[in-house]
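Dear colleague,

I am handing over the structure we spoke about, and I would be grateful if you could look through it with the notes below beside you.

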Amino acid sequence: MQTQTRWNMALSRGLRCCQRVFSWIPVLIITAVVLWSYYAYVFELCHLTVFLLAVAYLFVFHVCFVMFSWTYWKSIFTPPASPCKKFQLSYSDKQRYEMEERPDAQKQILVEIAKKLPIFTRAQSGAIRFCDRCQVLKPDRCHHCSVCETCVLKMDHHCPWVNNCVGFSNYKFFLLFLSYSMLYCVFIAATVFQYFLKFWVGVLPNGSAKFHVLFLMFVALMFFVSLMFLFGYHCWLVAKNRSTLEAFSAPVFVSGPDRNGFNVGMRRNLQQVFGEDRRLWFIPVFTSQGNGHYFPLKDRSSESHNPLLSNEDMWEESDDGSEEGSLGEFSSVCSLQTLVLATLMLLTVFYIK
């Protein structure tokens, strides 16, 4: 019996390890495509261009490339923020909660604890949202990610293309990554287009540059179309102050579900994500307002019921610290993008042959 248990534990650890390794495959695919685009543009395309124009192209290209790489790096390696220790059960509360067998009594214990915290959202059943795996009371807009195996503050979705949860700590970086990705694709497509036509009609001779130029054009346009829809969707979410999860399922308050519960106006919605200093809006440094544990409500009169909210500074995090994240993975968009990319690759190779 013990041998079987050890075997199951070893198998489980092995599967988790494989999952972590394979989760980096989408990131490696994007990295490979971007590195190839750098080689194709700098070492293949610019050789076809007159010197002064090539210098101008290379300058703008490298600005776009640096900003794209910077935002992509920040989106990948910024760890998702988790609830601080104030939202964890104390030892005595945890003992009392675990020893209580009646579900109604357990809910009442959570209600008593939540009165000391800035929590206004509820589960669909009306109960206090509590994560059994992380053993924390979930702050507003916080959800448990089954991939990262942790609760994430203001979770938007788990994105396989950055192998990370997009949430409070990196949502600005993710939006900038989308915008600079679009700019990168638009610039490549705009500058490659004339050479694409010349190769297409046979004005330029066949050579190694032909494949790179044709493929650059296809890939840039394909990624731009995919990113345009995704970026437009997230701009709409920011304007409404919603996350992807909240767009699928409206947050529940004491008064009931309300998709616009956190919508405090266009300007304030933007400031919550990008901060008040507009000079830093387009730079991938953290400027989002708050600490991810509390968000202003559309109707602020409800906050008066909790006297602890009279001083928001007390909730500055001083410690390091079924709503699953898989709902927002945009799997259909990613799968479509991969399918289109593979199709265009085949068409390009067929045309060259």
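Predicted model: local features only at pLDDT ≥ 70, side-chain atom pairs only at ≥ 80, totals over all residues.

Residues are numbered from 1 along each chain as its sequence is written, and side-chain values use heavy atoms, with hydrogens and water left out.

The protein has 10 helices and 9 strands, taken as DSSP runs numbered from the N terminus (H or I of at least four residues for helices, E of at least two for strands). Of its 353 residues, 47% are buried, where buried means under 20% relative accessible area, exposed over 50%, and partly exposed in between (1.4 Å probe, protein chains only). The accessible surface comes to about 19000 Å², and carbon and sulfur atoms account for 64% of that area; the areas come from the Shrake-Rupley method with a 1.4 Å probe, and for residues only the protein chains shown count as cover.

The largest nonpolar core holds 57 residues, among which Tyr41, Phe61, Ile188 and Val192 touch the most other members; such a core is a set of buried Ala, Val, Leu, Ile, Met, Phe, Trp, Tyr and Cys residues joined through side-chain atoms within 4.5 Å. At least two residues come from each of α2 (25–45), α3 (51–77), α6 (171–201), α7 (208–240) and α9 (266–274), with α6 giving the most, 17 residues. Ile188 touches Tyr41, Phe61, Leu216 and Ala220 when residues up to four places away in sequence are not counted, contact meaning heavy atoms within 4.5 Å.

Ile29 belongs to helix α2 and is partly exposed because its relative accessible area is 40%.

Three strands form an open antiparallel sheet in the order β1-β8-β9, strands being paired if DSSP finds at least two bridges between them. Its edge strands are β1 (121–122) and β9 (256–257), each pairing on one side only, and Arg122 stands opposite Val252 in β8.

The loop between α9 and α10 (331–352) contains Ile283, which is in contact with Trp70, Lys172 and Leu176, leaving aside neighbours within four places in sequence.

A search of the whole structure finds 6 salt bridges, each defined as a side-chain nitrogen of Lys or Arg within 4 Å of a carboxyl oxygen of Asp or Glu. One of them joins Glu246 and Arg141 at 2.9 Å, N to O; Glu246 lies in helix α8 (residues 244–248) and Arg141 in the loop between β3 (136–137) and β4 (143–145), so the pair ties together parts that are 105 residues apart in sequence. Both Glu246 and Arg141 are buried. In helix α4 (residues 91–99), Arg96 and Asp93 lie 3 residues apart, about one turn of the helix, and their closest N and O atoms are 3.4 Å apart in a salt bridge. Asp93, Arg96 and Glu112 are linked in a network of salt bridges.

With best wishes
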